[in-house]
Structures are given as structure tokens and as C-alpha cells.
Amino acid sequence: FSKSIKIIEQNIIEISSLAKKNNADLYLIILPWPETLVFGQDVFNWEKFADDLCTKSNCNKLLNLFDDFRAIKEKNEKWLHLIYIKDDVHLTKFGNNLIANKVVSEF
């Protein structure tokens, strides 16, 4: 696990370097998998990791959708099928629209 996390860090830092060389911006967007919404982040905190990674890579901005997804989970008993494709971590049309609307509202 630690080795994989290090590879992610190295790759994002390299992407950031390439973006800067090409006068491009780097934005990181994070969202939880269903298991994260159910079990939390006691073992590994993706939000903290992404925040630290944005700092290390000098990203322009981190868009964190964890609170948006948590709010939907708290308000909707059928949140899992509303946001995620059945038995999958990929998003439904609703989930994708949630991300798109967040990106549009941020920029």
C-alpha cells in the first residue's frame, strides 16, 4: 500500500511539473467510493492525503466532493443506487452531474 501511495505522489508531482512547463493549471478532484462513505477514513484518510498531495504538487486547487456525497447519503436512504452504478464504484448520471455541477460552480 505504501509503495502505491508513493507512486501516486510521484506521478502527480511529475504531471504538475509538466503542466507548469506547458503553462497549464493542475486541479485535483476527489470523491469517495461507497465503502468510504459507509466505513469512514480511520485506516486511510483520502481527504488529508489529497490535501497534502495538492500542497506537494503545487496544484492550483483541490475540489473535494466528500461533503457533497456525505450530504446526499444522509438525506437519501437509497443514496447508493442514486450515486453509484449497481455493484460498481462508477457513477450514475446523477453522480456524474453532481461532479459536473461542482466543477462548473467552482470555475
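What share of the 107 residues of the protein chain counts as buried? The share is 33%. The model behind this value is predicted.

## Overall build

The protein chain holds six helices and two strands. Read from the N terminus, the elements run α-β-α-α-β-α-α-α. The C-alpha atoms fill a box of roughly 45 × 35 × 20 Å along the principal axes. The accessible surface comes to about 7,500 Å². Carbon and sulfur atoms supply 54% of that surface.

Contacts reach across the sequence. Among contacts with a separation of 6 or more, 65% join residues 24 or more positions apart.

## The strand pair

Strand S1 covers residues 27-30. Strand S2 covers residues 61-64. The two strands run parallel, and four bridges join them. One of the residue pairings is Ile30 of S1 with Asn64 of S2.

Which residues of S1 lie on the covered face, and which on the uncovered one? Leu28 and Ile30 form the covered face. Tyr27 and Ile29 form the uncovered face. In a regular strand, side chains alternate between the two faces of the sheet.

## Charges and salt bridges

The protein chain carries 14 positive and 15 negative side chains. The centres of the two sets lie 3 Å apart. Side chains of opposite charge can pair when their charged atoms come close. A search of the whole structure finds seven salt bridges.

| Salt bridge | N to O distance |
|---|---|
| Asp52 and Lys48 | 3.0 Å |
| Lys61 and Glu106 | 2.5 Å |
| Arg70 and Asp67 | 2.7 Å |

Take Asp52 and Lys48. Both sit in helix H3, residues 46-57. They are four residues apart, so about one helical turn separates them. Asp52 is partly exposed at 32% relative accessibility. Lys48 is exposed at 52%.

Arg70 and Asp67 belong to helix H4, residues 66-75. Their spacing is three residues, which again means a separation of about one helical turn. Arg70 is partly exposed, with a relative accessible area of 26%. Asp67 is exposed, at 55%.

What does the salt bridge between Lys61 and Glu106 tie together? The side chains of Lys61 and Glu106 meet at 2.5 Å, N to O. Lys61 lies in strand S2 and Glu106 in helix H6, residues 93-106, so the pair ties together parts that are 45 residues apart in sequence. Lys61 is partly exposed, with a relative accessible area of 31%. Glu106 is partly exposed too, at 30% relative accessibility.

Lys6, Glu9 and Lys56 are linked in a network of salt bridges. Glu9 is found in helix H1, which spans residues 2-21. Is Glu9 buried or exposed? Glu9 is buried, with a relative accessible area of 12%. That value falls under the 20% limit for burial. Leaving aside neighbours within four places in sequence, Glu9 is in contact with Phe49, Leu53 and Lys56.

Ile15 counts as partly exposed, at 42% relative accessibility. Ile15 and Leu26 are eleven residues apart along the chain. Their C-alpha atoms are separated by 8.1 Å.

## Trp79 in helix H5

Trp79 has its place in helix H5, residues 79-83. Trp79 is buried, with a relative accessible area of 11%. Which residues does Trp79 contact, leaving aside neighbours within four places in sequence? The contacts are Pro34, Leu37, Val38, Ile72, Lys73 and Tyr84.

Tyr27 lies elsewhere. Trp79 and Tyr27 are 52 residues apart in sequence. In space, 27 Å separates them, C-alpha to C-alpha. Tyr27 belongs to the uncovered face of strand S1.

Terms used
Residues are numbered from 1 along each chain as its sequence is written. This is a predicted model: local features need pLDDT of at least 70, side-chain atom pairs count only at pLDDT 80 or more; totals for chains, interfaces and linings use all residues. Side-chain values use heavy atoms; hydrogens and water are left out. Buried means under 20% relative accessible area, exposed over 50%, partly exposed in between (1.4 Å probe, protein chains only). Contact means heavy atoms within 4.5 Å. Accessible areas come from the Shrake-Rupley method with a 1.4 Å probe; for residues, only the protein chains shown count as cover. Lys and Arg count as positive and Asp and Glu as negative; His and the chain ends are not counted. The place of a charge is taken as NZ of Lys, CZ of Arg, CG of Asp or CD of Glu. Two strands pair if DSSP finds at least two bridges between them. A salt bridge is a side-chain nitrogen of Lys or Arg within 4 Å of a carboxyl oxygen of Asp or Glu.
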